[in-house]
Amino acid sequence: MQLNHLRNFSIIAHIDHGKSTLSDRLIEVSDIISERDFKDQILDSMDIERERGITIKSQTVCLPHAAKDGKTYHLNLIDTPGHVDFTYEVSRALASCEGALLLIDASQGVEAQTLANLYLALEHDLEIIPVINKIDLPSADIDRVKSQIEDDLGLDSDAAILTSAKEGRGIEALFEGIVAHLPPPQGDPEAPLKALIFDSHYDPFRGTIVHFRVRDGRIRAGERIRFMSNNATYKVEEVGLFQIVRNPQKELVAGQVGYMIAGIKTVSDTRCGDTITLDSRPCEAPEPGFKEAKPVVFSSIYPVASDGYDDLVVAMEKLKLNDAALIYEKDTSVALGFGFRCGFLGLLHLEVVQERLEREFDQSLILTAPSVQYELVMNDGEVQIVDNPALYPDPTTIEIAREPFIKAAIIIPDRYMGAVMKLCMERRGINKNYQYLTNNRLEMIFELPLSEVVYDFYDRLKSVTQGYGSFDYELIGQRDTKLVKLDILINGDRVDALSQLVHEERAYQRARVSCDKLKEEIPRQMFKIAIQGAVGGKIIARSTVNPYRKDVTAKCYGGDITRKRKLLEKQKKGKKRMKMVGQVEIPQSAFLSVLRTDAE
Amino acid sequence: MAPTHPTPNDPAAPGGLYLHIPFCRSKCAYCDFHSSADLQRLPDVFEALLREVRLRASESGCFDSIYLGGGTPSLLAGGDVARLLTHIRRHFPILPDAEITLEGNPDSLTPARLTAYRQAGINRLSIGVQSFHNARLRFLERRHNADQSQAAIRSARRAGFTNISLDLIYGLPGQSEQDWRRELEIALASEPEHLSCYQLTIEPGTRLALRHRRGEWQALDEAAQLRLFRLTRKHLAAAGYDAYEISNFARRTPHGGANLRSRHNQKYWNHLPYIGLGPAAHSFQPPLRSWNEMRLQPYIDCLARDQLPVAGSERLTPRQMRIETLYLALRQSRGLDRDAYARRFGERFEARFARPLAQLMDGGQLVWTPPCYQLTEKGFAVADGVVAHLVSALAEDEDLPRPADDGG
C-alpha cells in the first residue's frame, strides 16, 4: 500500500450531532461487513457507550474505497472518546491522523464542543473538512451553518460537504472529499520503525491487542519490538488492519494504522502515547507528548454481599486486563469488610468501571465517596500522601495540608459567563483570565481545586450552560488548604465508608447535603434512624428517618397465609442489596447517592 | 377465668372444615376474594361440593368447627344448607358442640331463611354489614343499605341466633374519628357477640384500586389511619370486647361463659389443621398446604370424574413453618408462646431471634408476658414490620431443625 493511497482521519463533533450514525454509514457503504452482521452504531460497541451515547474506548476501522480516479484507497477512521476524562486518549487518537471531519448538525449549528474539538484538531495540525449533517431535518438551515463555519470557525464553507447519515445521502461525496482534501500520511518506510500507540484492548483469546499508527519504517510478524517508555520487548505474533474483524497483513508500513498482537498479557503493559520501535534497529527518539495516565480520583469498592469479595477479586483482575488506567489495591472497612481502593482518571471513569463490574461481571457494589490525593506535611516534617479518609491522621499531628489544583479552560457562548462564574466561585475557583475566541464565544480560565471538580462539576457546567459549555483541565500542582474529615454517623455509629475529606468551608454544606440524601435513600424501618454529620466530635448536620407507624395487614385467613408468607420471603431477597450497619439496613443506592451530593 | 387456648401443634386438636361458596350477586369494589356473579352455575357447583365432601371423607381427624364462607353463602336456600350439613355430618366426624358459622349479606338474610339456617344447625352468623352509613356502602359498591343491616340483625336474633358477628370496614376516604366512632356505637347497640373490623385495603386488581389509580378518591394518610386503628381497639376494649386478633373482637363474657372468639378462624392463626372444600379453598395439614382449582368449570369437571380438584400444594420448609408461625401467632393478643415454640421447633425462641427480639423489646413493639411474647399497642400497628424484622434472623441457607409436626 502506497502512502498516497492512504488517509487517516477522525470525526469530531458536538455530542449528538450524528457521529455514530455517520461512522455506521461509512462502514456500510464501504461494504466490509455484510448487512446481516450490521448492528447499528458499530463503533460504540460497549453497552454503556451505546446507552449514554458517548465513546469511551476509541476504535478504528480501515475502509477500502474505490475512488472515481480508478484507484483504491484505504481510509482509516479513528474513533475518539468524547469525554473530558479521556482528553489524553483523544489527543493521542488525533495525533495518529492527518485530517478530521468536523461534523455539524444542520439545524443546531456550531456548538461549544464543535469549537473545542476544532481547536484540539488544529493543535495537531489536522486538515479539516466541515461536514453539515442531518440535512434531511425540516429544521435544517444550511445557509446559517455555512455562515457560522466562515465566521465562527474561520473555515472555508465552500469545502463543506452536505450529508444525511440517517438517509445515506452525501456519503459518496464525503469519500471523494476525504480522498481529495485530506493529505496522505508522510513517513519513510525505510527508516527505523517508529509507531505511536493510541489505544489497546484485551482479547480473551489473543491477549492485548495494541492499536497504533506507523510513522516510519515497517512492522512484521516475527520481529522483536520494543516499547520506548520502559524498554520492554516482545515478539510480534501478528499485525493487521481493523475491518470490524481483525484482518491480518504481512506487514504494516509507514502511514498505516492497525493492530499488533505480541503475547502481551494485560493492557497495563502497554501505554497509550508510547512509541514502538524495533529492538534490533531502534529509532532515535520517541514520538513526543507521551504522558502516563495518572489517576486523580480515588474511591473504595466493596461487594454488597459479605461473601462477595472473592468474586470481586476475579472481576477486578479481568477488568484490569482491559483498562490500563484503573489501579487498585486491597482495602478494608469496618462497615463494609474487604474491598479495593481504586484510582480513576475521573468521575466518569469511576462510573464506567462501576457499571462494567455490575453488568459484565454481575457484581453488586458499594462505592465510597470519591476523593483526590492530599499531601499532608506532618509536625515532624514528614510528608504523607492520603487519598483515603480512613487513613486520615490525627489532625493535631498535621502541620500543613495541600490539595491538587487544576487549570480549567471553559469555552462558552458569552451569555453564560455569569452562570459559569457563579458555579466556579462556588467551587472555590479563581478566575485567572478570559478571552473572546470569536465575537460571542468566550474562553474562561479558572484555577480550581480538583476535589471540587470530581463531584459532578461537568454535569453542573453542562446544566448551567444548557449543554453549550465545554471543559478541559490540566493539573497544576498542590496548594495549601484547610482540610477536615467529615464523618457520617448512623444511630451514633460512625460509618467509615461514608467518611469524606472536605475543605473546611464546605464541611457544613457537604454534611447537610449528605444527611439529606441519606434520609431520602434509607427506607423507613421499624425504628427511628438518626443520621448525623460530624467533624471531629462535633455534630454539624443531622436528619432523621422516621419509623413506620402503621404497617399491618387487615385480613389473614386460610387463603391469605401462603401469599403473605411469600411476601415475607421475597422481602428477605430484596435485602441482598442492603448493607447492615449497626442495626440499620442501608441500601446500596444510599452509598451511591453520597457520590453526587453537590446539587444545591 | 380466661378461656382455654388451643395449642399449636397438638396432634389431638380437632380440625376445622371450611366450605367456600364462590358466588355473589355482584362483586364489591374492594373485594379480591374468589367469587362469581353467574348464579346459574350455583347448583352445579353445589353438587360438586357435595361430591368433594364425600371424596375427602377418608381424611383423618375430627372437627369442631364448620365455616360456610364466600362469596355469599346466604345465597343458599335453607334446604340446601340443611342438606349440606347433613351430608357433612355423614362423612366427617363432627364434634357435638361444633361451632358452625355461616357468612351472609344483609340483603339475602331474610327472616324465613334465617329460621331455616338455625334449624339446619348453623349456630353462628357472620353478617357483612361493612358500614352503617349509606354513602360509604355505595363507595364500597355494596348492594344493601343500613336499614337492611339493622333488619337482618333483628331477624337473626328472632330466629334464635345467640352468636352473631358483624363485619365492618373503616378507614374510608374522608372518614373522621367521629364518623367511625358513631358507626361503632351503632354496631355496639345491637350487642353483637363478635366484631371483625377491617382497615380498608386497596387490593390490586379490584375496582377500588382502579378508581384510586384514576384519582377518583384519596386514601387516608398514615397518621389518620393510625388514629382510626387505635380508636377501634380502644373503643371496643372499653365496650367490653377483647381484641384477640388484629381485626377481630369478641365480647367478654362474665365468669368464663361461652367463649365468643371465632373457633374456626383461630385454627388458621394457630397453625392447626383445616380442610377447605369448594373452589379455591385452602387446606392445611402441617406441614402440607394445598389449594383447590379456582375456576368453576374445571372444579365441576374434576369432581364429575371423582377426582380431587387440587390445583397445587406446598410442603412448608422448616424456615417457612417458622415464618408462618411468627406471622400468625403475633397477630393474636395472646402472642407467641415460647414454650410451644420450643416444643414444636426444638430450639429456644430467644436463641434463634436474639438480636431482632432485643431490638423490638427495646423499641417497645414486643413485650414478654409469660409464657408469651406479645405485640404492644404500638407493635400491633406495625405488626407486619415486626414480623419482617424477626424473619431477618432466619438465614435462607441455614439448615433449621424440622418442626415436630413435620410428618417426616
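Accessible areas here come from the Shrake-Rupley method with a 1.4 Å probe. Keep that in mind as you work through these exercises on a predicted model.

**Exercise 1. How much accessible surface does chain A have, and what share of its residues is buried?**

Solution. 
- Start with the surface: for chain A it comes to about 24700 Å².
- Carbon and sulfur atoms account for 47% of that surface.
- Next, turn to the residues: chain A has 600, and 58% of them are buried.

**Exercise 2. Describe the secondary structure and the contacts of chain A.**

Solution. 
- Count the elements: there are 14 helices and 33 strands in chain A.
- Now take the contacts in chain A between residues at least 6 apart in sequence; 69% of these join residues at least 24 apart.

**Exercise 3. Classify the ring pair A:Phe227 and A:Tyr234, and decide whether each residue is buried or exposed.**

Solution. 
- A pair of aromatic rings is described by the distance of the centres and the angle of the planes.
- Over all chains, the count is 21 aromatic pairs.
- Buried means under 20% relative accessible area. A:Phe227 has 1%, so A:Phe227 is buried.
- A:Tyr234, at 16%, is buried too.

**Exercise 4. Classify the pair B:Tyr170 and B:Trp180, and find which parts of chain B the pair ties together.**

Solution. 
- The ring centres of B:Tyr170 and B:Trp180 are 4.8 Å apart and the planes lie at 20°, so this pair is stacked.
- B:Tyr170 belongs to strand 5 (residues 164-170) of chain B, while B:Trp180 belongs to helix 6 (residues 177-189), so the pair ties together parts 10 residues apart in sequence.
- To finish, check burial: B:Tyr170 is buried at 2% relative accessible area, and B:Trp180 is buried at 0%.

**Exercise 5. Which charged residues lie over the rings of A:Phe338 and B:Phe139?**

Solution. 
- Over A:Phe338 you will find the charged end of A:Lys330, 4.2 Å from the ring centre.
- Over the face of B:Phe139 lies B:Arg211, at 4.8 Å from the ring centre.

**Exercise 6. Where is A:Gln243, and what does its side chain contact?**

Solution. 
- Locate A:Gln243 in strand 12 (residues 238-243) of chain A.
- With 11% relative accessibility, A:Gln243 is buried.
- Its side chain makes a polar contact of 2.7 Å with the side chain of A:Asn247.

Key:
Residues numbered from 1 in each chain as written. Chains lettered and ligands numbered in written order. Predicted model: local features only at pLDDT ≥ 70, side-chain atom pairs only at ≥ 80, totals over all residues. Heavy atoms only, no water. Phe/Tyr/Trp six-rings, centres within 6.5 Å; stacked < 30°, edge-to-face > 60°. Buried < 20%, exposed > 50% of the residue type's maximum accessible area, 1.4 Å probe, protein only. Helix = DSSP H or I, 4+ residues; strand = E, 2+ residues; numbered from the N terminus. Lys NZ or Arg CZ within 6 Å of the ring centre and 35° of its normal. Contact = heavy atoms within 4.5 Å. Polar contact = N/O pair within 3.5 Å; in protein donor to acceptor, adjacent residues only side chain to side chain.
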